[in-house]
Amino acid sequence: MKLVHKIILGNVLAIMFIAVVYAFSYQKLDLLLNKLNFVEIAEGLNANLLKMRLSEKNYFLYKDKSDLPLIHEDLNKSAQAIDDERENLKRAIGKEKLAQLESNLKKYEQEVAALEKSGEFTKEMAESLRETGRQLREQSASLIQLEREAVNRIIVASRRALFSFFCFVLAIAATTSYLFFSKMFRSLRRIEKVATAISKGNFNKIGGKIPNDELGSVMTAINSMSEELGSRLEQLIQSRKLASMGVLTAGVAHELGNPLNNISMVAQNYLALYDDLSPEDRLDYMQTVLDQTERIRRVVQNLLDFSKPKKTDFQMVDMNQLAKESLKLVQNMFDVTCIESKLELEPTLPPVFIDRHKIEEVFVNLLTNAVHAMSTCGGAVYIRTRLEEKGDSVVIEVEDTGEGISAEFLPHIFDPFFSTKGTEGTGLGLSISYGIIKNHNGKIDVKSQIGKGTTFTIQLPAHRQEEI
Amino acid sequence: MAAYRIMVIDDENIVGKMIKTAFEHDGYIVETFLNPKPALARLKEEKFHVVITDLKMKDMDGMGVLKTIKDESPEIKVIMITAFASLDAAVEAFRRNANDFFAKPVKISDLKACVQRLLHETPSQG
């Protein structure tokens with residue numbers, strides 16, 4: 001579900017819930033209002049009955065007959081009030097009690113009528129009237145009491161219900177927010193991880209299930225961007241190789257020109273001096289031709305190896321051997337620039353399990369950079385191998401005596417497209433090398449001093465015998 | 001007439017060996033060097049008529065050899081040979097008074113003709 005739909009759904013649910021709470025509160029408040037109205041009426045009834053009993057008391061005290069019509073008046077008012085609120089009363093105190101109230105009222109009326117008729121009253125009559133009046137008062141007082149209790153109950157129940165609503169809303173909001181945001185943050189973290197990797201030149205993709213929401217769209221976009229960048233990088237690597245081919249060509253002319261010249265000169269002498277040459281000389285000449293032909297073949301082979309795209313191919317490799325071969329690949333570059341190359345190799349090294357072509361590419365990159373760092377003759381590039389102190393990795397150092405890299409640039413030299421060579425470099429060599437070494441679970445570091453030179457240190461895990 | 005002395009400086013030992021074989025066959029005295037430094041030292045001890053030097057070598061540039069020889073003994077003929085032939089290099093060599101310039105592969109007969117031509121410009125003093 002899309003995030004926008006989730007947000008809309010959440011809002012709709014919240015509004016619906018608020019409506020439910022509103023309806024509940026409205027209904028309860030309405031009920032409360034009715035109850036309070038009724039209490040008012042009941043208090044009116046109570047006041048009537050109180051007045052009636054006051055008249056009754058006066059009558060018995062002063063025997064003044066004019067009090068009796070007053071009692072009648074109040075009785076009628078009370079009967080009218082009961083009649084008006086019959087339904088409410090029935091609901092409040094029940095049919096039975098209402099009937100009792102009405103029969104008491106009737107009884108009281110009859111007794112008062114009897115008093116009026118006789119003009120005299122006996123002690124029994126007075127007692128009976130008083131008793132009926134007292135019961136009426138009690139009933140009406142209990143009526144008020146009952147309604148007040150009902151009002152209290154409604155208030156307490158509403159308070160509880162609202163509190164429950166509050167807790168419910170809080171729990172739902174917390175749970176849905178957690179689910180909603182944790183999912184979103186998980187997605188964001190996945191995006192962040194890949195974006196960071198991309199910025200370091202690893203064109204990874206966001207793996208696993210892509211959620212069907214806006215962040216999913218972002219992930220899909222990042223994945224296609226990463227793929228696009230990856231393929232662009234491939235193209236750049238290829239063009240960089242072609243560019244290095246340009247640099248190499250000058251060396252290659254030298255590298256091929258020399259053996260060709262040697263063969264040519266040997267052949268010229270062989271033809272011109274055939275009769276003067278001893279059989280040993282002739283054999284020696286032909287052997288020279290073969291040796292020089294082999295030299296040409298190797299140069300061509302090296303060029304082909306360097307320029308063709310390579311598949312991943314991990315194998316056990318002797319690092320010293322690889323260092324020598326890599327140096328041979330770029331030897332002509334050293335020759336034409338009169339920079340010395342010095343191998344300082346630890347004689348006994350454990351083998352490393354690597355893609356030899358990839359690591360060779362790293363060496364060629366580092367050696368090319370080293371030569372470029374030294375503009376003047378007389379410098380030297382040292383290639384050293386050694387076993388790391390703990391013995392679990394092989395260390396390769398490529399050190400030049402060139403200009404060095406300023407501290408300001410040093411942290412960026414493994415960044416893609418970072419180049420101090422201006423338009424000459426693609427800025428990819430070291431970034432690619434970094435990626436290759438990382439893919440081998442190795443480490444590549446750089447140290448540099450202005451005017452003294454730069455040292456690249458590569459560590460590759462040594463392959464122990466028992467692991468095979 | 002004493003034999004002409006020829007010095008060959010090239011880090012490819014076959015070049016020295018073949019030039020030596022071919023020129024000694026014609027009666028020249030040939031000394032070969034793989035590095036410019038001992039060659040230049042030898043020039044101080046012995047008089048040579050022609051120096052044939054490679055342009056690109058490890059220790060010192062062939063251009064440097066040319067400059068040193070022409071500064072110290074301008075009468076010595078210097079022939080440059082190179083496998084790294086470019087117009088710029090040739091122009092640079094002639095500007096520094098190289099007597100001739102050959103691109104590898106070198107035709108030995110051409111080289112011989114060139115040496116003879118150069119030697120006839122200057123009579124042997126040996």
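Author: Contact means that heavy atoms lie within 4.5 Å. This is a predicted model, in which local features need pLDDT of at least 70, side-chain atom pairs count only at pLDDT 80 or more, and totals for chains, interfaces and linings use all residues. Residues are numbered from 1 along each chain as its sequence is written, chains are lettered from A, and side-chain values use heavy atoms, with hydrogens and water left out.

Reader: Which residues does A:Gly404 touch, not counting residues up to four places away in sequence?

Author: With those places set aside, A:Gly404 touches A:Ser448, A:Gln449, A:Ile450, A:Gly451, A:Gly453 and A:Thr454. A:Gly404 and A:Ile450 are 46 residues apart in sequence, and their C-alpha atoms are 4.3 Å apart in space. A:Gly404 itself sits in the loop between β5 (393–400) and α10 (429–439) of chain A, where helices (H or I, at least four residues) and strands (E, at least two) are DSSP runs, numbered from the N terminus.

Reader: How do you know what span helix α5 of chain B should have?

Author: The expected span of a helix is 1.5 Å times one less than its number of residues. Helix α5 (residues 108–121) of chain B has 14 residues and should therefore span 20 Å, and its end C-alpha atoms are 20 Å apart, which agrees.

Reader: What makes β2 and β5 of chain B edge strands?

Author: Two strands pair if DSSP finds at least two bridges between them. The open sheet of 5 strands in chain B has the order β2-β1-β3-β4-β5, with parallel pairing. In this sheet β2 (29–33) and β5 (100–103) of chain B each have a single partner strand, so one side of each is left without a neighbour in the sheet.

Reader: How many bridges join β1 of chain B to β2(B)?

Author: Strand β1 (residues 5–9) of chain B is joined to β2(B) by 5 bridges, and the two run parallel. Within this pairing, B:Val8 has B:Thr32 in β2(B) as its bridge partner.
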